[in-house]
Amino acid sequence: MDAALLAQVVLNGLMLGALYACIAAGFSLVWGVLNVIDMLHGSLIILAGYLTCSLWSEWHVHPFAALVPVGLVLGLAGAVLQFVLINRVVRQPVLTTLTLTFGLDMILYNVMNAVFDATPRRVTLDLGRLTFGDVVLPWDRIAAMIVALGLTALLYAVLRGSKLGRAIVAVRMDREAATLMGIRVPRIYALTFGLGAFMAGVCGALLAIVYPVTTNATGQLLGKAFIVCVVGGLGTVPGALAGGLALGVTESLGSHWFGPQAAALLGFALMLVLLVVRPTGLLGRKGYE
Amino acid sequence: MRAWTLPVLAAWIAVLAATPFVGDNYLVKIATFVAFYAALALSWNFIGGLAGYPSFATAAFVGLGSYAGALVQNAGAPIVVAWIAAAGVCAMAAAALGAIVLRLRGHYFAIGSIALVEILSLVASWWSGLTGGGEGLNLAFLPGGPDTIARVFLYAMLGIAVLALVTTVAVTRGRLGFGLRCIAQNEDAAEMVGIPTTRYKMAAFVLSAVFCGAAGAAYASWVAYIAPSDAFSILLTVKVPVMVLLGGAGTVLGPVLGATALVLLEETVWARFLEFHQAILGAVIVALIFFLPGGLLGLAARRRTA
């Protein structure tokens, strides 16, 4: 394989990986802090994608302008969902919480299928492309990658620097101690789930720019979040970033050499191997089961 | 086990077995589905109910069993041989995959078990030389009229369910059942008092796969066509634990009760709203978790103590 082709494949992988990192950052936050596997994450992304497409086709709202409003709508919905429903069972075993979020996901998935028809749709921006010799990079993908990386970095900054972020990290470390320090844990849980849903929302808006939006993709997106979380390690933003980029490049190379189905298989195989060899992930720390 | 467990189970078997004599083929079809899901729910109960491991691997073994059975049957073997072979393949696969995923606990085990479904589904669509890929596999229909076929598959499924039931009774009364309950409560403590946790978990996982394999193979022969997306259905992998939770996890009667209730509910109530099938199941799950956390049997127990 010549160098230009290799560079093209790796760069495609990095552009895909940035989106995976952004998807997994929200999922990992919810899992790490609430100890809840958010089976809704894939459907939330697709819901945001549909909203973005509708805003574009009905009112000509530019997807980059729609990014934050769509994210806020989903974030608010997520926070309410957590506060009203999931908080009630949040301390129960994984079987209960996972089954509950799966049940909620079935409802959302079914409603989306009924409201939006299943034909894939996307926002076509056509911003031209950047070329270096034989390597061609479409500008819309580059922009989506930059925004995805920027949002992931922003989440990291919020968790490290803001009062809310410190409260979230405190709850993750020790719920009882955090309560004694005056942190209202149920409210932090709601805000954390809301933050996760916000991340899903912005990812959905970005997804609509670069890939067709269809409910068929919800399971695949959730699967990517699983893999990135396990590969990168749970509950850390840098872990999600490393895992996302690693998965993106692995899939891109795998797809180039063995075909797309084999590439999807490769991702899951990578995850199973890591689960056994290093259950805390590449950058993870022990202690968040 | 409560005193009325065995009479209720005997009555359940008798009612299902009597359906061909009292009703039409539609009723027999429902009875076959009840037996099919009861076999799957009883299987899940070994690992999920008794050992308390949140397994979502049911569809992996149902799918594997249906493909293994279909391939053996298409190679010319009698169908019963194909079903037994499918059960054997699933037992071996569960032993091999269990060695990987049973090292995990809690959330990681749940994710690992879902990954098994995804991986086997991807393999089935990828390895098209063997499995027919996305186009699926066709199986020969059985000779005989629709009445005969309906009866054959009813009694086959019922037979598998009864085998799973007998195994469940034997396990819950023996050392294995005791050990698995200890693991569910506190695995480290169980290990410390000398329960061979690794071996017991493996036994539970293999038991949870064997009957799924046989039931999956019988299902494939029944519908005479399988494809990756139906065989390895994520919906099925959640529906089966939900049935057990609905009945009462870790009990003998619970899985049977839950599977029967959900299939009947599905056929009578929400078969009329096909468009919203999935949403209604989702709503049932949400209601189950908030209003019926101990399942139907838990409800009976609560009423008695009250």
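**Exercise 1.** At which residue does α1(B) bend, and which proline follows within four residues?

*Solution.* The model is predicted. Step one: follow the axis of α1(B) to L16(B), where the helix bends by about 25°.

**Exercise 2.** Find the buried residues of α1(B) and what they pack against.

*Solution.* Buried here means under 20% relative accessible area. T5(B), L9(B), W12(B), L16(B), T19(B) and P20(B) are buried. The partners of the buried residues of α1(B) are α2 (25-50), α7 (146-173) and α13 (253-268) of chain B.

**Exercise 3.** Describe the contact between chain B and chain A.

*Solution.* Begin with the residues: chain B brings 40 and chain A brings 37. Next take the area: about 3600 Å² is buried between the two chains, and carbon and sulfur atoms give 83% of that. H107(B), Y108(B) and I111(B) supply 22% of the area that chain B buries against chain A, more than any other three residues.

Then look for polar links. There are zero salt bridges between chain B and chain A, while four residue pairs are in polar contact across the interface.

Last, assign the chain B side to helices. α4 (79-101), α5 (106-126), α12 (234-247) and α14 (277-291) of chain B each supply at least two residues. α5(B) gives the most, with 15 residues.

Notes: Residues numbered from 1 in each chain as written. Chains lettered and ligands numbered in written order. Predicted model: local features only at pLDDT ≥ 70, side-chain atom pairs only at ≥ 80, totals over all residues. Heavy atoms only, no water. Bend = angle between axes of the 7 residues up to and from the residue. Buried < 20%, exposed > 50% of the residue type's maximum accessible area, 1.4 Å probe, protein only. Contact = heavy atoms within 4.5 Å. Buried area = accessible area lost by both parts, 1.4 Å probe. Salt bridge = Lys/Arg side-chain N within 4 Å of Asp/Glu carboxyl O. Polar contact = N/O pair within 3.5 Å; in protein donor to acceptor, adjacent residues only side chain to side chain.
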